[in-house]
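Visitor: I'd like to learn how to read the packing in a model like this one. Can we go through it together?

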Amino acid sequence: MLTRRRARLERWIVEEKPQEEEIAQINALSDLALELVFSFLDVEHIVVASQVCTRWRDICSSRRLWTSRRVPYGYPIKAESLRVVRLLRRQHGVPPYCKIMVARGNSPLALFLENGDKLVIFTPSSLMVLLCLRHLIKDNVFSLDLCVGNLLTDFEALVVWETIASKPHLVALNIIMRSCSALLRTNYKWLRRGSLCAFSMSFGDVSDDSDDSDSDSDDGHLEEAVALPVRSLLQVHRHQLLRLDVEPESQQPLLDVRPRSLRVLTAVVLPSLVNVVKPLKYLSSLFLISKRSAPRQQSYEVLSKILSMRKIRRTLELLDISLALDVSTPHSEALLSLLSDFERLESVALRGVCRALSDPDRGPEALKTLWSGLRSVRRLTVEEEPSMFPLHALLPRTVDGGTVDPLVRVPAQLSHLVLGNVKASWQLCDAKWLQQLRRVMDAAPKLHVLLQGKCLEVPQRRGPTSIYVLRHGGMEHRQEPARIEMGRPEYIAIYPHPCSHTCQDCQNFAEQKKGCVKMYIGDLCEPKQG
């Protein structure tokens, strides 16, 4: 029987008993805190931590955790390749990437880019290429970039085509190879249709260990030969292809497949291109390139026929013309006149067809011909010397002691104007040119100008820098403060408003240009005298 005295004694014992200290547990942390803790782990330990529980598995698969993270990968190649592939093919503990790029590199490396959406693998081993294509292209991967050069043998190239054909979920395929690659020599026939909607093919400068003499001897043979696997691929998917980029001149016969539903096309300016473009009803983006071996007269005739097509003038939204050799001034004026009266054209890039704009006598009239027809264009790229661009044609003129309207006005929809060429624009723009540019931008308050090439001196911030000075027999560390110096950067973005402000036209303007210097037009010019 429990008496009052005994009950009081038991209560006293319980109250006086020391309380056990609460032990802090890692699961009490929030998801962001746990993600910060896991960010200090290497790749193998992150994968091990993902096997603890479902919560840790989801946190270890976070895209933020894997952004710009490198996967250890070294020698021996065979063992390391198997280890890395086993690691990256896991369903949990690795972010669900949707793009993959396999490229040849002298040093093995694997890393995640684009917020964990893209997996990039560099390898000097053909075995690693085959393993990646076989096991790392999961069902959620829709884009594949393959850049292998001459790394593959004929048999390995056949395995590559068979592996790509076995992935029905691929939507975009981009192949960069050498002109003597085994991927071109392989005789493979595509058996079934997949989900492929975009295909790109180009010959790039890929580092290889093969002799240049062998490559040169094969080039002459491949000028007449067409890649049979690519032709078979295009024939099978011709009814669903939306984008087709074929940059090698020797592979232009592949365009004879003529997919009718194309929206984007990249091709070389050849006479056969006219028959390819003619039946396209939905073409919205057209990229035209030419080589140095192409005759100027031939390029002019082909461009004239294409730009005169009614379907092209009705559906085209983006036009990019890049000629290796500039056409003559009369031909340039004729091509600029053909750019008028496009119904939907929003972006135009001209390289090698704007010689008339640089002519001191014909420049103003050529600019009037060009801009009078660009009614809906928002972005215009002219790769000519900025200092030779006829800005004075956009300003009021003085005739017989009176002021008249400018010869041509800036189109109302034009918000981005790109002038110059990074590799060829070196002529310095003087103060008079800057004053003219300011008056033009004052009259067109939404115009943003991007200068390409070292054609303008602007103040740049340098430092702070750390230096070591030898003093009294020892090295003394000294840090110099930041300073302002005059420099000539490759990209200069000139805004019509202070750079601290943003407008709707500032979006996607010069953001992808590395080392671009942003300047306000008012800071480049002295205040205008009243």
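Visitor: Which residues does Leu265 touch, leaving out those up to four places away in sequence?

Guide: Contact means heavy atoms within 4.5 Å. By that rule Leu265 touches Leu244, Asp245, Leu255, Leu273, Val277, Leu280, Leu283, Ser285, Leu286 and Phe287. Keep in mind that this is a predicted model: local features need pLDDT of at least 70, side-chain atom pairs count only at pLDDT 80 or more, and totals for chains, interfaces and linings use all residues. Residues are numbered from 1 along each chain as its sequence is written, and side-chain values use heavy atoms, with hydrogens and water left out.

Visitor: Which residues touch the most other members of the largest nonpolar core?

Guide: In soluble globular proteins, nonpolar side chains tend to be buried together. A nonpolar core is a set of buried Ala, Val, Leu, Ile, Met, Phe, Trp, Tyr and Cys residues joined through side-chain atoms within 4.5 Å; buried means under 20% relative accessible area, exposed over 50%, partly exposed in between (1.4 Å probe, protein chains only). Here the largest core has 140 residues, and Leu183, Leu265 and Trp371 touch the most other members. Helix 7 (residues 126–135) gives the largest share, six residues. Helices (H or I, at least four residues) and strands (E, at least two) are DSSP runs, numbered from the N terminus.

Visitor: Which residues of helix 13 are buried?

Guide: They are Ser299, Tyr300, Val302, Leu303, Ser304, Ile306 and Leu307. Their cover includes helix 12 (273–277), strand 10 (285–289) and helix 15 (329–338).

Visitor: Is Leu29 buried or partly exposed?

Guide: Leu29 is partly exposed, at 35% relative accessible area, and sits in the loop between helix 1 (4–16) and helix 2 (31–38).
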